[in-house]
Amino acid sequence: LSYIAIAYRILLVFGVGIATFLFVNGREVIALMANREYIEHTKYVYTSLDAMQIVVFIFLFYFLSSLFTYLLIASGEQKKLLRINLIITIANLVGNLALIPLYSFVGSAWVTLACQIILLVSTYRATRHIARFDYLPGFTATTIVFGILAGLANFLLLGYIHTGTVVTLIASSALFGLVYLGGIGAVFGRDYIS
């Protein structure tokens with residue numbers, strides 16, 4: 001595999017893993033750092049959990065776009081990157097001005113996620129002349145499937161485990177890692193990263 005493909009695999013595994021784990025375990029992660037008011041609907045329309053379950057997917061798209069961003073930098077094409085970032089910044093600003101008054105911080109979370117997706121697409125398109133890359137469809141699909149399976153297993157575990165937040169997160173991490181990383185490793189064996 002090329003270095004780009006290896007980097008993509010690593011970034012995809014971390015991005016899907018972090019996004020899925022935090023999406024499913026958002027309540028426990030927030031409870032570890034804040035009180036119930038941040039999780040439960042009280043006088044506010046949205047909670048921190050609502051925003052977090054959107055924001056976690058920013059990790060995935062940020063990780064993947066960083067591959068193409070650094071490829072542009074390494075190729076000395078910072079001007080292209082500057083133009084892309086300027087467009088993303090303007091889109092983010094306009095989107096936030098439009099959605100924050102209507103949807104508060106959740107609107108901002110959606111705008112940021114959309115901008116990260118646009119950044120990924122833009123940087124990928126800007127690097128096509130530097131290196132051909134096909135997003136490794138078999139590896140990508142397998143990673144997403146095991147991310148979903150690990151998330152479902154984790155969700156089921158949360159329905160049965162009623163211990164403290166820390167113990168719940170440790171048990172969730174162990175189960176998630178076993179299903180997610182174990183599943184990908186079992187399918188790809190030694191080709192997992194190399």
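Contact here means heavy atoms within 4.5 Å. The model is predicted: local features need pLDDT of at least 70, side-chain atom pairs count only at pLDDT 80 or more, and totals for chains, interfaces and linings use all residues. Residues are numbered from 1 along each chain as its sequence is written, and side-chain values use heavy atoms, with hydrogens and water left out.

**Asparagine 154**

Asparagine 154 lies in helix H5. Helices are DSSP runs (H or I, at least four residues), numbered from the N terminus. Asparagine 154 is buried, at 0% relative accessible area. Buried means under 20%, exposed over 50%, and partly exposed in between (1.4 Å probe, protein chains only). Leaving aside residues up to four places away in sequence, asparagine 154 touches Phe21, Val24, Asn25, Ser172, Leu175 and Phe176. Its side chain also makes a polar contact with the side chain of serine 172, at 3.1 Å. A polar contact is a pair of N or O atoms within 3.5 Å; within protein, one must be able to donate a hydrogen and the other to accept it, and residues adjacent in sequence count only if both atoms are side-chain atoms.

**Aromatic pairs**

Rings of Phe, Tyr and Trp (its six-membered ring) pair if their centres lie within 6.5 Å; planes under 30 degrees apart count as stacked, over 60 as edge-to-face and the rest as tilted. The count comes to 13 aromatic pairs. Two of them are tabulated.

| Pair | Centre to centre | Plane angle | Class |
|---|---|---|---|
| Phenylalanine 23 and phenylalanine 57 | 5.6 Å | 55° | tilted |
| Phenylalanine 139 and phenylalanine 188 | 5.0 Å | 55° | tilted |

Phenylalanine 139 sits in helix H5 and phenylalanine 188 in helix H6 (residues 165–188), 49 residues apart. Phenylalanine 139 is buried at 2%.

Notes. Helix = DSSP H or I, 4+ residues; strand = E, 2+ residues; numbered from the N terminus.
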